[in-house]
Amino acid sequence: MPAPQYFQSIDPRLQRWVYRKGWSDLNSLQQNAIPPILSHDRDVVISAATAGGKTEAAFLPALTYIAKEARPGVRILYISPLKALINDQYRRLLDLCDPLNIKVTPWHGDISGHVKRRQFTAPSGVILVTPESLESLLLNHTAFIKEGFASLDYVIIDEFHAFMAGERGAQLQSQLHRIENLVGHLIVRVALSATFSNFEDVAVKVRPHHPERVLDIKPTTKTASQLSLKVHGYVSSVEEIRDEEQIDISASSLKNLEVHYPSAYAISKDIFRLMRGQVNLVFTNAKHTTERIAAILMRMSEHCHVPNEFFPHHGSLSREAREDVESRLIKGELPTTAICTATLELGIDISDVATIGQIQAPFSVASLRQRLGRSGRRNGRATLRMFVYELPEGISLSSDISEELVTSMAMVELLLQHWYEPPPARRLFVSTLVQQTLSVVASIPRTTAKALYELLCKTGPFSMVTPGFYALILKALGENDLLVQLGDGSLTLGLKGEEVVSDWGFYAAFNSVQEYRIVHNGKEIGTTPLLGDPEELHTFLLGGKGWEIIDIDRRYHVITVKRYDKDCNPLPALSNENPVHEKIRLKMVEIYERDDAPSYLNAEAQELLRRARRNYRKLGLQQRHIVETPLGIALFPWSDNGILRTLRLLLLNEHVSVEIVGSHLELQYISRESLSIAIAAILRRGKEIDPEELLKRHTNIELEKFITYLNPRVKRLNYFYDQCDIPGALNFLRNLAKELR
């Protein structure tokens with residue numbers, strides 16, 4: 001039975017709940033979390049690997065605290081990045097809260113209105129909410145927040161690492177600060193997170209102005225775990241990568257698939273051979289890759305006359321299709337391999353995943369860590385298989401030095417060293433600041449510019465924004481009729497502002513594209529953002545099947561389709577730059593310059609690594625950062641994307657044609673002498689580089705959702721501060737100038 005020193009401090013009804021679960025003891029993480037959460041005077045970060053018992057570590061003491069004194073109002077606010085996770089946790093918390101007679105209310109777009117109305121009438125217990133639904137509450141039901149949250153004791157944030165970077169994290173920080181401002185007291189914040197490299201980075205994100213309030217809770221004892229790792233290498237074809245060859249996957253012979261899609265076929269063949277009969281997750285970086293691999297695997301199952309175990313899972317599939325796959329994974333009764341995007345990285349609790357697959361290098365080491373945490377829960381033995389393809393040698397510099405393979409290796413080795421990317425430290429998050437400004441103005445009538453700055457910037461999370469820059473933002477919003485200044489100096493929404501705020505899409509801080517429902521025989525089979533010219537999109541692959549468009553209804557955003565058995569490709573995808581941290585690039589250099597052959601590489605991957613090292617040395621990259629090619633010059637800074645991006649902008653302003661390709665820059669039709677002249681001109685200006693001058697030739701500066709409502713000057717300043725690294729770029733150019741002499 002659990003030891004008394006910590007166990008006796010939780011509510012007796014919860015003690016009996018633990019007994020009913022058959023637990024012999026609480027784990028060390030849960031033990032360590034009880035005293036600080038019960039003390040109710042510090043913010044807490046509970047960090048552990050996936051399935052480490054973080055939910056119980058937070059809720060056992062938090063429920064004990066609120067059960068001591070029955071007070072009206074919402075007492076615990078649980079915030080999740082995903083609706084699916086809320087649904088999953090709701091079922092778990094109902095069981096946990098039932099002995100205490102504490103009400104649990106899920107709150108997101110799929111929850112019926114009468115459930116929410118009960119909270120409006122008599123607020124109490126625990127509310128489970130997404131940031132988007134919380135934004136709606138703050139904007140439309142300010143009085144409910146002020147009164148119903150007056151007794152709020154805890155905010156418990158699940159999957160906190162998902163909020164560490166990006167607009168959604170800044171939105172959440174602002175929301176929590178606004179709630180505390182409305183209720184007039186600090187609320188204890190409990191962040192549940194996967195393990196991280198640096199606690200100070202996390203503490204600042206939990207409580208931006210007072211990180212010293214935040215306490216780190218970890219397991220005292222570490223469970224023994226093992227990792228089985230294999231990286232599989234493949235050589236693709238130019239036609240396959242460029243999608244120049246199109247064939248009907250569902251109808252073509254396997255021989256034709258092997259000819260037209262050699263790497264996709266080879267990867268699918270290995271997945272079929274290695275993963276059948278188990279529960280697995282295979283992650284890809286794009287929906288079209290998910291569709292292609294899943295379709296080939298379905299075709300292989302059909303050819304071998306065996307039941308299909310392979311299913312696609314991504315955001316464009318219908319909710320029903322996704323939930324069917326999720327149900328198979330949760331039950332674990334049937335062998336199931338989900339070929340998925342990041343949709344299954346967080347959320348549903350899958351207890352017994354045999355293998356995690358990853359096709360091409362993942363987005364980050366942190367993402368790879370999160371995905372790997374899905375495996376090995378039952379026996380402590382996680383299995384990771386990475387499938388990495390490269391173009392044939394001689395096609396490009398990137399393929400010659402196998403950048404995709406070496407990037408994957410660098411991420412794996414940093415993962416094994418327990419290093420993960422820190423959150424960005426210097427972003428302004430102007431887009432989210434615009435959203436929060438409009439939300440506050442809409443919810444608090446006749447507020448002033450000074451009050452807004454005090455709430456959102458001076459005491460809120462947007463502290464890097466100066467009063468002068470915020471004044472420029474407000475002026476731009478006024479110019480676009482989002483804000484209007486009244487005669488007494490207070491602010492209210494303009495006509496355009498009312499239109500923007502009343503749109504349901506306003507609640508999300510991140511950018512989204514208008515989704516079209518895809519309907520077949522009256523049934524929704526998926527959604528798509530419908531990128532590009534709709535008239536050019538006739539057929540596509542979805543759910544492993546081909547579809548032909550019959551009609552596009554732009555008013556109601558519906559695409560009607562029928563089955564199609566001829567040539568088609570997956571739906572087009574949004575293209576987003578994949579930021580790579582400098583430490584990954586430096587680890588790549590280390591791998592290039594070593595001579596070992598890691599045992600986790602299969603024979604094909606080892607051959608690709610030998611090719612990479614041979615060409616790396618042949619190009620002289622051990623001693624220099626510049627490579628001359630028949631078409632121009634390639635530069636290898638081995639730095640993060642911020643420096644690559646800044647170098648490109650600086651060179652473009654000197655009329656140099658330059659593009660970022662993988663980890664390097666390619667400059668077309670330029671000599672060493674011309675490059676030296678351009679670098680000298682840049683270095684003469686030094687740090688006195690005007691953001692507007694730098695970005696005058698760069699039009700893609702509206703990367704975030706609400707930036708579109710600002711004027712060009714503010715847009716450029718925002719891009720400059722968030723996306724550029726002038727000191728880092730200049731430092732590389734100084735060294736390059738010496739190399740060019």
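Guide: Start at Tyr78, which stands opposite Ile156 in β5. Residues are counted from 1 along each chain as its sequence is written, and you're looking at a predicted model, where local features need pLDDT of at least 70, side-chain atom pairs count only at pLDDT 80 or more, and totals for chains, interfaces and linings use all residues. Side-chain values use heavy atoms, with hydrogens and water left out.

A strand here is a DSSP run of E at least two residues long, a helix is a run of H or I of at least four, and both are numbered from the N terminus. Two strands pair if DSSP finds at least two bridges between them.

Strand β2 itself spans residues 73-79 and is mostly covered, with 7 of its 7 residues buried. Buried means under 20% relative accessible area, exposed means over 50%, and partly exposed is in between (1.4 Å probe, protein chains only). Strand β2 also runs parallel to β4 (residues 124-129), and 6 bridges join those two. Look for Leu77 there: its bridge partner in β4 is Ile127.

Now hop to another part of the chain for some antiparallel pairing. Here 4 strands make an open sheet in the order β21-β22-β24-β23. Its edge strands, each pairing on one side only, are β21 (626-629) and β23 (658-661). On average, neighbouring strands of this sheet are turned by 25° against each other, direction ignored. Angles run from 0 to 180 degrees between N-to-C directions, using axes fitted to C-alpha atoms (for helices, over the stretch in contact).

Zoom in on β23: over 4 bridges, it pairs antiparallel with β24, residues 664-668. Glu659 has Glu666 in β24 as its bridge partner. Lying across β22 (632-635), β23 and β24 is helix α25 (residues 641-652), which runs at about 165° to β23.

The chain has 29 helices and 24 strands. Its radius of gyration is 27 Å, close to the 27 Å from the globule rule for 741 residues, so the chain is as compact as a globular protein of that length. That radius is taken over C-alpha atoms, and the rule is 2.2 Å times the number of residues to the power 0.38. Of the 741 residues, 56% count as buried.

Methods
Contact means heavy atoms within 4.5 Å.
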